[in-house]
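This note sets out a few points for a reader who is new to protein structures. Please keep the sequence and the structure in view while reading.

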Amino acid sequence: MSSWRIYAAVGLLLTTGCSLLGEDAEDVPDVKREQTFATAGPRQLTDAGPAPGVMREVWRVKGLGQGENRQIRLEGDQLFVTGADGFDVYDAGTGQKRWHYREPGRELTGFAITEDDLVVASRSGEGSHLTGLAAGTGRLRWERGGDEGTPFTDGPGRRLAVGEGVLPLLVRAEPSGRDEEEKPDEFLALDAATGEERWRRPHHTPGGCRVGTRSAATDTDGSVLVFRESCRDDHYLYAFNPSDGKPLWSRTGTSDDSRVGISVRAGATLIELDEHTRTLVGRDDREIANLNGIGRCLAPCSLRSVGDDLGLRHLDESRNVALSVIDVAAGQVRTLTTPHDTMSVTAGGRLYGVSAKLGGTLLPARLNVLDAATEQVTTMPLPLSLDSDVGALRWLGTAGGHLLVATSKVDDLVAYASAPTDGPLELGGVAKDEWPQACDLLKDVPGRTTARTPMVEGPVRIGSQELARSRCHVDYSAGGKDGQAIAEVLWVAATAAEADGLVNGEAGLYGADEVQQRSEEVVLVRKGRFVVKVQSRQEHDLRRIVAGVVDRLG
């Protein structure tokens, strides 16, 4: 059971003036850096993904590296690929590397970007440290000892709370003596461009709460900063204007859950105590919409920008995946049923979702594009296979009309753009009659053919299209042994280039472009724009059978 109530606003105290190196320059640890710089900032990109069309690879960044510490963040027009001690920065429109920043021997604890400024927080046995960089070029602007206050982080991604050019810190008060009045903690806000103090205000911990959990909303566009403090089942929220520290609203609630979900977009704050207590609050403390009854939120419970509105993905009463679109000005909510995709992102009024399979055993991943205004869903293949050799989708974003994708096992980042076609989008623009019949591919088997059995797998439905997939079994006898060859057409792309990302195999075997050995008896073979699965019960016959299929594919 959960509840919310209004909580009194906290008083405000503003001060200014601070050295670029903090209050005491001698406290700043000596930090070694490895870095390169860009000559100028990145070119500006539109905040949009591709329009529906045939998806084609336009660029690829290879060798991002793997590991628990490797993450990808899209910040404006740049991609940050983070590691344990720093990050590499790429142009989000071209994939070209722009600059990098590392602090060898230190741990990157978080970083934040606001317009042209970037703040890096790190630590080692020698102490904590804050560094200010130019976001577009990586050039050093300021540095400051980080032990005077702690930046706010919440959740994965090494994201620090930031807003309107200000980085807030929590400064813990020194313990008072027996006869002295207990001093309050403080919020200290630093200018992200200079490292200087912008404002400071006291913070009084709720009475009787000596040990608790503290964090600030990092899932935010910076329009509002929300500080959360939890003491057992009691949760306290304080929202303030980032630029000057002015209190906006405060609330407290009770819940058995140990965490409170907070997400901020366009001045509106989503507060989630649990799946039954969820509300959207404006900067003026006005309740924009009550979202208690929309069902369980899909993790992470995060607001999305959907054109001029806000969106929230969740399960509806029937356990279907839905997108609730919220008109902030009117407080109206409309709910759209959406495909149940593995991962999704919104841009330009569209929701882009990716699932592992286009349908049945077809090889490409499935891309669904939902236009929130018309409520129309368009389904199309993504020239990417999420089979076991590639792994699951690891990261998804959009920038400059491109869909950006990274997977868990292949250390590449790929950008896709769309092209118009006269053919069916669901099949990548390829007409159904261009798919070969599997039995036509099994003309060359060892010995004597004893039976030829064509089969239809499906039909599988992809959007508005239905496709009957072709499969064939050929029984044969050779050298006194019975064998069986099986072929199944898994995909036909419009061009060989569009089929190139579907089989992560070895080139040159059996005269094919790529061959992926699934087992001693099963291979995937790509010849040009065709991908076929070939099996043989007699593994020593597999080479001849595959070579025959490749020859028939031309």
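1. The bridge partner of L370 is V377, which belongs to β31. The model in which this pair is found is a predicted one. Strand β30, residues 365–371, and β31 pair in the antiparallel sense over 7 bridges.

2. Where do β30 and β31 stand in their sheet's order? The sheet is open, is formed by 4 strands and has the order β28-β29-β30-β31, with antiparallel pairing. β28 (343–347) and β31 (376–382) are at the edges with a single partner strand each, so one side of each has no neighbour in the sheet. On average, and with direction ignored, neighbouring strands of this sheet are turned by 20° against each other.

3. L403 has Y416, in β34, as its bridge partner.

4. A hairpin is formed by β22 and β23, with 5 residues between the strands. Strand β22 covers residues 277–281 and strand β23 residues 287–290, and the two pair in the antiparallel sense over 3 bridges. One of the bridge pairs joins V281 to E287 in β23. Which residue of this hairpin takes a positive phi? D285 does, with a value near 75°.

5. The aromatic side chains deserve a separate point. The count comes to 13 aromatic pairs. In one of them, the ring centres of F152 and F227 are 5.2 Å apart and the planes are at 55°; the pair is therefore tilted. F152 lies in the loop between β12 (150–151) and β13 (166–171), whereas F227 lies in strand β17 (residues 225–231), so the pair ties together parts that are 75 residues apart in sequence. F152 has a relative accessible area of 5% and is buried. F227 also counts as buried, at 1% relative accessibility.

6. F227 forms an aromatic pair with F187 as well; this pair is edge-to-face, with 4.9 Å from centre to centre and 75° between the planes. Because F187 is in strand β14 (residues 185–191) and F227 in strand β17, the pair ties together parts that are 40 residues apart in sequence. Both F187 and F227 are buried. Ring pairs link F152, F187, W199, F227, Y238 and F240 into a cluster.

7. Charged side chains also sit over rings. R73 lies over the face of F111, at 3.8 Å from the ring centre. The charged end of R139 is placed over the ring of F37, 4.4 Å from the centre of that ring.

8. Is S470 buried or exposed? The residue belongs to strand β36 (residues 465–478). Its relative accessible area is 8%, and S470 is therefore buried, since buried means under 20%. A polar atom of the S470 side chain lies 2.7 Å from the backbone nitrogen of A438. Leaving aside residues up to four places away in sequence, S470 touches P436, Q437, A438, M455, A487, E488 and V489.

Methods:
Residues are numbered from 1 along each chain as its sequence is written. This is a predicted model: local features need pLDDT of at least 70, side-chain atom pairs count only at pLDDT 80 or more; totals for chains, interfaces and linings use all residues. Side-chain values use heavy atoms; hydrogens and water are left out. Rings of Phe, Tyr and Trp (its six-membered ring) pair if their centres lie within 6.5 Å; planes under 30 degrees apart count as stacked, over 60 as edge-to-face and the rest as tilted. Buried means under 20% relative accessible area, exposed over 50%, partly exposed in between (1.4 Å probe, protein chains only). A charge sits over a ring if NZ of Lys or CZ of Arg is within 6 Å of the ring centre and within 35 degrees of the ring normal. Two strands pair if DSSP finds at least two bridges between them. Axes are lines fitted to C-alpha atoms, for helices over the stretch in contact, and angles run from 0 to 180 degrees between N-to-C directions. A polar contact is a pair of N or O atoms within 3.5 Å; within protein, one must be able to donate a hydrogen and the other to accept it, and residues adjacent in sequence count only if both atoms are side-chain atoms. Contact means heavy atoms within 4.5 Å.
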